[in-house]
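Here are some notes to read alongside the structure, written for someone who is new to looking at side chains. Please keep the sequence and the model open while going through them.

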Amino acid sequence: MLKFDGLAAGKGVAVCADETAAMEFLEEVFNQRRFGDGRVLVEDCLTGPEVSIFAAIVDDQYLVFTPARDYKRALDGDQGPNTGGMGAVASRQLIPADLLARIEREIVQPTVAGLRKEGLPYRGFLYFGLMLTPPVRR
């Protein structure tokens, strides 16, 4: 996966299946200067469903909302170019209840506790964007 390191109006990511796709994106970035000045970051392409967790936080109290998922690829079956978002859905059925509890316990709670420990009072919403990758077999 290639990402433009700068403002790109949600269009600065290319999920490249092959060298040709990578070269086309690099041509847009460096020769056509589609996004202006900037660098390109190379990242592993994670597979699996994406889930967005939102939490409303007031100091050390929080409430986790219904999980959501947005769709970024232009075509069905996770195909086509990345977009700025092709729609979203929110449902408790996106992930099992035990996984949501684990996310709260291992991600949300420690984040809220960390803000408090660092003396950073926070009142607002936090977004946790997660990729639910397959388990690593050892």
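This is a predicted model: local features need pLDDT of at least 70, side-chain atom pairs count only at pLDDT 80 or more; totals for chains, interfaces and linings use all residues.

1. A search of the whole structure finds four aromatic pairs. One of them joins Phe 4 and Phe 35, whose ring centres are 5.1 Å apart, with 35 degrees between the planes, and this pair is tilted. Phe 4 belongs to strand β1, while Phe 35 sits in the loop between α1 and β3, so that the pair links parts of the chain 31 residues apart. Both Phe 4 and Phe 35 are buried.

2. Phe 35 also pairs with Phe 25, and this pair counts as tilted because the planes stand at 45 degrees, with the centres 6.4 Å apart. Phe 25 lies in helix α1, 10 residues away from Phe 35 in the loop between α1 and β3. Phe 25 and Phe 35 are both buried.

3. Taken together, Phe 4, Phe 25 and Phe 35 form one aromatic cluster.

4. Which residues have the most contacts inside the largest nonpolar core? They are Ile 53, Ile 95, Val 108 and Phe 128, in a core of 14 residues. β4, α2 and β10 each supply at least two residues of this core, and α2 gives the most, with five residues.

5. Leaving aside neighbours within four places in sequence, Ile 53 is in contact with several residues, including Val 64, Pro 67, Leu 100 and Tyr 127. A second, separate core has eight residues, among them Phe 4, Phe 25, Val 29 and Phe 35.

Technical notes. Residues are numbered from 1 along each chain as its sequence is written. Side-chain values use heavy atoms; hydrogens and water are left out. Rings of Phe, Tyr and Trp (its six-membered ring) pair if their centres lie within 6.5 Å; planes under 30 degrees apart count as stacked, over 60 as edge-to-face and the rest as tilted. Helices (H or I, at least four residues) and strands (E, at least two) are DSSP runs, numbered from the N terminus. Buried means under 20% relative accessible area, exposed over 50%, partly exposed in between (1.4 Å probe, protein chains only). A nonpolar core is a set of buried Ala, Val, Leu, Ile, Met, Phe, Trp, Tyr and Cys residues joined through side-chain atoms within 4.5 Å. Contact means heavy atoms within 4.5 Å.
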